[in-house]
Amino acid sequence: MSAPIELEPSALPQHVAIIMDGNGRWAKQQGRPRVWGHKKGADSVRRSVRFCRELGIPALTLFAFSSENWQRPADEVSSLMQLFKLMLKSEVKNLHKNQVRLRVIGDLSAFDEPLIAQIKAAEQLTAQNEALTLNIAANYGGRWDIAQAARQVALQVSQGELVPEHIDEQLLGRYMQLSDLPELDLLIRTGGDVRISNFLLWQAAYAELWFTETLWPDFDQQVFAEAIAAFTSRERRFGCTSEQVFALASSQLKG
Ligand code: IPE
Ligand code: IPE
Ligand code: MG
């Protein structure tokens with residue numbers, strides 16, 4: 001066992017997102033069917049939520065099912081839907097008890113009625129919780145997100161409530177998913193691939209990216225802490241120079 005990693009509370013990311021990848025390969029390594037990997041991945045979800053809750057990170061967004069994942073074999077898709085329902089059923093009470101607000105982002109219209117009802121009930125039950133917002137991205141795609149925001153803005157224009165000249169980044173950004181939460185600070189991908197796979201394209205504009213070979217079912221507090229430690233050691237310049245960042249930090253320290 002490696003030594004626990006010390007994390008500086010004031011430097012923690014306020015919003016972390018994770019592309020939870022590698023379940024299928026993990027299962028294959030164990031000589032089990034892919035769905036076994038998805039089931040084991042559920043334990044990593046619980047661990048990650050607990051970790052954010054303990055550290056006091058206010059927002060966690062997990063990529064559970066992409067708009068492209070419908071292309072997988074039908075039995076895998078249906079197992080994933082079953083698992084989603086089971087997880088909602090078994091976890092929501094506990095999330096609520098722990099002051100977690102649950103939200104599902106993505107195009108929910110593709111899901112069956114019972115699942116939609118389950119999602120709505122879970123969101124309603126936990127809506128007032130303030131310790132952690134847990135967003136589950138399901139049938140989510142970054143391009144879908146931008147398109148749905150554009151559609152809402154276009155509707156306003158067509159109703160004469162808005163003129164195109166007033167559409168800017170701030171305005172469109174308000175219609176994107178998660179716009180009421182802190183900016184995405186850290187985007188983690190497990191499973192060794194180095195790509196975004198149509199996740200939070202808009203929201204990740206200035207997120208720090210962190211990739212690990214660790215497969216999702218093996219993702220634990222130690223690996224999560226490594227990601228956060230890497231985040232805290234990065235210099236975020238947001239287009240400025242290093243000297244400017246340093247000067248700003250010094251003036252803030254002086255108060
Ligand atoms: C991620 O694991 C979970 C989902 C996409 C639902 P994968 O199922 O993609 O696992 P690999 O990448 O095939 O190992
Ligand atoms: C991304 O993983 C989606 C989720 C983790 C839910 P994929 O395994 O679907 O990504 P690609 O297809 O390898 O890019
Ligand atoms: Mg994958």
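The legends below describe close-up views of a predicted model.

**View 1. Packing of helix 2 against helix 7.** Helix 2, formed by residues 34-55, and helix 7, formed by residues 221-232, pack at an angle of about 50°, and their axes lie 10 Å apart. Helix 2 is therefore oblique to helix 7. The crossing of helix 2 past helix 7 is right-handed.

**View 2. Residues at the contact of helix 2 with helix 7.** Helix 2 contributes Arg47, Ser48, Arg50, Phe51 and Cys52. Their counterparts in helix 7 are Gln221, Phe224, Ala225 and Ile228. Classified by residue type, this contact of helix 2 with helix 7 comprises 5 nonpolar, 2 polar and 2 charged residues.

View 3. The strands follow the order 3-4-2-1-5-6, and their pairing is parallel.

**View 4. Pairing of strand 1 with strand 2.** Strands of a sheet pair through backbone hydrogen bonds, in either a parallel or an antiparallel manner. Here, strand 1 (residues 15-19) and strand 2 (residues 59-66) run parallel and are joined by 5 bridges. In the strand order 3-4-2-1-5-6, these two strands stand side by side. One of the residues involved is His15, whose bridge partner in strand 2 is Ala59.

Methods. Residues are numbered from 1 along each chain as its sequence is written. Chains are lettered from A and ligands numbered from 1 in the order in which they are written. This is a predicted model: local features need pLDDT of at least 70, side-chain atom pairs count only at pLDDT 80 or more; totals for chains, interfaces and linings use all residues. Side-chain values use heavy atoms; hydrogens and water are left out. Axes are lines fitted to C-alpha atoms, for helices over the stretch in contact, and angles run from 0 to 180 degrees between N-to-C directions. Helices (H or I, at least four residues) and strands (E, at least two) are DSSP runs, numbered from the N terminus. Angles under 35 degrees count as roughly parallel, over 145 as roughly antiparallel, 65 to 115 as roughly perpendicular and the rest as oblique. A crossing is left-handed if the near helix is turned anticlockwise from the far one by less than a right angle, and right-handed if clockwise. Contact means heavy atoms within 4.5 Å. Ala, Val, Leu, Ile, Met, Phe, Trp, Tyr, Cys and Pro count as nonpolar, Asp, Glu, Lys and Arg as charged, and the others, Gly among them, as polar. Two strands pair if DSSP finds at least two bridges between them.
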